[in-house]
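Here is a short briefing on one protein chain. Keep the sequence and the 3D view open as you read.

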Amino acid sequence: MVTVTPSIDPRIADIAPGFRAISLIVEAAPLVNPQAGEAALARACRELLANDAAWAHAHLDAWAHVFRQFGARPNRTPCSAEALRKRVLKEGSLPAIDPVVDLYNAISLRYAIPVGGENFAAYVGQPRLTFADGSERFDTMKAGEPALESPEPGEVIWRDDEGVTCRRWNWRQGVRTRLGADAQQMWFILESLPAMPLHALHEAGDALREGLLQMMPEAKITAALIEA
């Protein structure tokens, strides 16, 4: 089983006291039921339009406050959960992309929580959450073409030894470590603040694990709670 040991810069606690996350590692297996991801996404969209968790808005407001703490403007670059939910509330649904991506997007919608999914085989070293100095490289796409950019100094980023894997904490993932159902080593991070009850965070992690096992019953999955 691959070992993933994400680390959190101690300074993160200054802007996001009480931050905690579920780190979930998956050794993939053949997809037996790939339709499970799209079905979960469609169900999550319907549920969001019909109902919502009592703490959902408070959790997203807390993320917006944290983003402002490191200079981001959440109206322009919101946390990933906020961005997904805005699309669903505007358009009524989300298109299916990939079985695994659809599944973790569904969890993000249901639980109003940023969820990142990464192809861990593409990592160089271990993931770490820290503040950018502005010299790091982030691989992305612009106008349909590969491009490199750098984060702003002081921006919160996920990175490995090669460069940035996700900008503005959980706003935009890079291309190099992008996850798809063909990946053999998967790493997921479900990120929460105290406005989300701890039991709900664990429920979200359990729901992701159950969905993955529904898709690929022979997968090996481990999960751990990490904190700032």
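Just after helix α3, Gly71 takes a positive phi of about 95 degrees. This is a predicted model.

**Helix α3 and its surroundings**

- Helix α3 covers residues 56-69, which makes 14 residues. From its first C-alpha to its last it reaches 20 Å, close to the 20 Å expected at 1.5 Å a residue.
- Ala56, His59, Leu60, Trp63, Ala64, Val66 and Phe67 are the buried residues of α3. Seen down the helix axis, these buried residues fall within an arc of 160 degrees, so they line one face of α3.
- An α-helix has 3.6 residues a turn, so residues three or four places apart point the same way.
- His57 and Asp61 are exposed, on the other side of α3.
- The cover over the buried residues of α3 includes α1 (12-15), α4 and β10.

**Ser192 in strand β10**

- Ser192 sits in strand β10. Its relative accessible area is 0%, so Ser192 is buried.
- Two residues of α3, His59 and Trp63, are buried, and both are in contact with Ser192.
- Beyond its neighbours within four places in sequence, Ser192 also contacts Gly18, Phe19, Arg20, Ile113 and Leu201.

**Helix α2**

- Helix α2 runs over residues 35-50 and has 16 residues. Its end C-alpha atoms are 23 Å apart, which agrees with the 22 Å it should span at 1.5 Å a residue.
- Buried in α2 are Ala36, Gly37, Ala40, Leu41, Ala44, Cys45 and Leu48.
- Helices α4, α5 and α6 (198-215) are among the elements that cover these buried residues of α2.
- Glu38 also lies in α2. It counts as partly exposed because its relative accessibility is 47%.
- Glu38 touches Ala96 and Asp102, leaving out residues up to four places away in sequence.
- Glu38 and Val101 are 63 residues apart in sequence, with C-alpha atoms 9.0 Å apart in space.

**Helix α5**

- The 13 residues of α5 should span 18 Å at 1.5 Å a residue, and the end C-alpha atoms are 19 Å apart, which agrees.
- How many of the 13 residues of α5 are buried? Twelve are, so α5 is largely enclosed by the rest of the structure.
- The buried residues include Val101, Asp102 and Tyr104. Asp102 is a contact of Glu38.
- The buried residues of α5 pack against helices α2, α4 and α6 and strands β3, β9 and β10.

**The largest pocket**

- The largest pocket has a volume of about 830 Å³. It is lined by 35 residues, and Ser80, Tyr104, Trp171, Arg172 and Gln173 are the closest to its centre.
- Tyr104 is one of the buried residues of α5.
- Helices α4 (80-91) and α5 (99-111) each supply at least two residues of the lining. So do strands β3 (115-119), β5 (138-142), β8 (164-167), β9 (172-173) and β10 (185-192).
- By class, the lining has 19 nonpolar, nine polar and seven charged residues.

**Two loop residues with positive phi**

- Most residues other than glycine have a negative phi, and most peptide bonds are trans.
- Ala143 is not a glycine, yet has a positive phi of about 55 degrees. It is found in the loop between β5 and β6 (145-149).
- Trp169 is not a glycine either, and has a positive phi of about 70 degrees. It lies in the loop between β8 and β9.
- Are these two residues buried or exposed? Ala143 counts as exposed, because its relative accessibility is 86%. Trp169 counts as buried, because its relative accessibility is 0%.

**Lys220 in strand β11**

- Lys220 has its place in strand β11 (residues 220-227). At 57% relative accessibility, it counts as exposed.
- Its contacts, leaving aside neighbours within four places in sequence, are Met1, Ile25, Val26 and Glu27.
- Lys220 and Glu118 are 102 residues apart along the chain, and their C-alpha atoms are separated by 16 Å.

Key: Residues numbered from 1 in each chain as written. Predicted model: local features only at pLDDT ≥ 70, side-chain atom pairs only at ≥ 80, totals over all residues. Heavy atoms only, no water. 1 Å grid on protein atoms, 1.4 Å probe; cavity = no way out; pocket = protein on both sides within 12 Å on 5 of 7 lines; lining within 4 Å. Points joined across faces, edges and corners; volume = space filled by probe spheres on them. Helix = DSSP H or I, 4+ residues; strand = E, 2+ residues; numbered from the N terminus. Nonpolar A, V, L, I, M, F, W, Y, C, P; charged D, E, K, R; others polar. Expected span 1.5 Å × (residues − 1). Buried < 20%, exposed > 50% of the residue type's maximum accessible area, 1.4 Å probe, protein only. Arc of directions from axis to C-beta. Contact = heavy atoms within 4.5 Å.
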